[in-house]
Amino acid sequence: MNLWKDIPVGPDVPQIVNAVVEIPKGTRNKYEYDKENEAFAVDRVLYSPMHYPAEYGIIPKTLWDDGDPMDIMVVMREATFPGCIIETRVIGLMKMIDGDESDDKVLGVPVNDPTFKDVHNIYDVPEAFLDEVAHFFTEYKRLQEKPTKVLGWENAEKAFEAIKHSIDLYNSIK
């Protein structure tokens, strides 16, 4: 089964999507789903002494401007594992440039965790957490001398627009 092409985008797109975890929170290993081999591979180990602050992965049946599936981060209390599918309520979007390409990332929370039942937009997330995530993505490639720039956070409506755009891009290549 191809986790990018065979899993549905989600049960209530764009508000609720499926996130396919590539990288569990708390790790320095950067796993990436190899779409051709339909398996996970270690892309690299982070050079910096940092770890991913949230579950990190892709939204199935999407494509972003950088040619990869749409990235998604899911705020979780516990780490999961590569290949885990999380039904995710979309709450915001982190605008980002990686190298010279747009590499925006959707932010969401698990639908089935009562801890996050009142989280529906970026404004419901502690600013300190958003600062940690932005700091991570600003610094995590610095020792590789690869520039990244976080441009800021957008609300859920902007994230919905980005998801619709990513679905349109995916459908244009089929």
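These questions and answers cover a pocket, some backbone features and one aspartate of a predicted model.

The model is predicted, so local features need pLDDT of at least 70 and side-chain atom pairs pLDDT 80 or more, while totals for chains, interfaces and linings use all residues. Residues are numbered from 1 along each chain as its sequence is written, and side-chain values use heavy atoms, without hydrogens and water.

Q: Which strand supplies the largest share of the lining of the largest pocket?
A: A pocket is an open set of points on a 1 Å grid over the protein atoms alone, where a 1.4 Å probe fits, with protein on both sides within 12 Å along at least five of seven lines; lining residues have an atom within 4 Å of a point. Strands are DSSP runs of E, at least two residues, numbered from the N terminus. β2 (29-34) and β4 (55-58) each supply at least two lining residues. The largest share, three residues, comes from β2.

Q: How many residues of the lining of the largest pocket are charged?
A: The lining has 18 residues, and Lys30, Glu32, Asp66, Asp68 and Asp71 lie nearest the centre. Asp, Glu, Lys and Arg count as charged; Ala, Val, Leu, Ile, Met, Phe, Trp, Tyr, Cys and Pro as nonpolar; the others, Gly among them, as polar. Five are nonpolar and none polar, and the charged residues number 13.

Q: Is the peptide bond from Val13 to Pro14 cis or trans?
A: Pro14 lies in the segment before β1 (16-23). Most peptide bonds are trans. Omega from Val13 to Pro14 is near 5°, and the bond is cis.

Q: Is Glu38 buried, partly exposed or exposed?
A: Glu38 lies in the loop between β2 and β3 (39-45). Its phi is positive, about 55°, although Glu38 is not a glycine. Buried means under 20% relative accessible area, exposed over 50%, partly exposed in between (1.4 Å probe, protein chains only). Glu38 has 40% relative accessibility, so it counts as partly exposed.

Q: What is the phi of Lys61?
A: Lys61 lies in the loop between β4 and β5 (71-74). Most residues other than glycine have a negative phi. Lys61 is not a glycine, yet its phi is positive, near 55°.

Q: Which side chain joins that of Asp103 in a polar contact of 3.1 Å?
A: Asp103 lies in the loop between β7 (101-102) and β8 (105-110). At 8% relative accessibility, Asp103 counts as buried. A polar contact is a pair of N or O atoms within 3.5 Å; within protein, one must be able to donate a hydrogen and the other to accept it, and residues adjacent in sequence count only if both atoms are side-chain atoms. The partner is Lys105.

Definitions and conventions. Helix = DSSP H or I, 4+ residues; strand = E, 2+ residues; numbered from the N terminus.
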